[in-house]
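Please keep the sequence and the coordinates in view while reading.

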Amino acid sequence: MPIQAAGAVQTSIASDRLTRAKFAYTTRHVRWETIGTVVTGSGRPQPGDLVLARVTEVGWHKKLELVDGRRAALFEGDEIVLC
């Protein structure tokens, strides 16, 4: 069982939300269909964790390398999965 930070809450995540998210190249070996829960709350991600993040501002990094190696433009409001 994974260790969770104090105050963290484990909830389910809608699969359509994951299908719309852009997955970074670092997640290329992850089968996104197997992701069923998300931990929210305080705490820092540990090595090997996946992070579902929302882009709030596009700054220096304007593109994300996807699992297939293509580069996708980032826009405010995009959800991305990072490792």
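Three strands form an open sheet in the order β2-β7-β4, and their pairing is mixed. Strands here are DSSP runs of type E with at least two residues, numbered from the N terminus, and two strands pair if DSSP finds at least two bridges between them. Because β2 (22–23) and β4 (51–54) each have a single partner strand, they stand at the edges, and one side of each is left without a neighbour in the sheet. Strands of a sheet pair through backbone hydrogen bonds, in either a parallel or an antiparallel sense. For β2 and β7 (residues 79–82) the sense is parallel, with two bridges; K22 has I80 of β7 as its bridge partner.

The model is a predicted one, in which local features need pLDDT of at least 70 and side-chain atom pairs count only at pLDDT 80 or more, while totals for chains, interfaces and linings use all residues. Residues are numbered from 1 along each chain as its sequence is written, and side-chain values use heavy atoms, with hydrogens and water left out. The pLDDT, the predictor's confidence in each residue on a scale from 0 to 100, has a mean of 81 for the protein, and 75% of the residues reach 70 or more.

Within β7, I80 deserves attention. Its relative accessibility is 10%, so I80 counts as buried (under 20% relative accessible area, with exposed over 50% and partly exposed in between, for a 1.4 Å probe and protein chains only). Beyond neighbours within four places in sequence, the contacts of I80 include K22, V51, L52 and L64. The C-alpha atoms of I80 and A24 are 7.2 Å apart, although 56 residues separate the two along the chain.

I80 also belongs to the largest nonpolar core, whose seven residues are A24, V55, L64, L66, A72, L74 and I80. Such a core is a set of buried Ala, Val, Leu, Ile, Met, Phe, Trp, Tyr and Cys residues joined through side-chain atoms within 4.5 Å. Not counting residues up to four places away in sequence, V55 touches L74, F75, E76, G77, D78 and I80.

D78 lies in the loop between β6 and β7 and, at 16% relative accessibility, counts as buried. A polar atom of the D78 side chain is 3.0 Å from the backbone nitrogen of F75.

Conventions: Helices (H or I, at least four residues) and strands (E, at least two) are DSSP runs, numbered from the N terminus. Contact means heavy atoms within 4.5 Å. A polar contact is a pair of N or O atoms within 3.5 Å; within protein, one must be able to donate a hydrogen and the other to accept it, and residues adjacent in sequence count only if both atoms are side-chain atoms.
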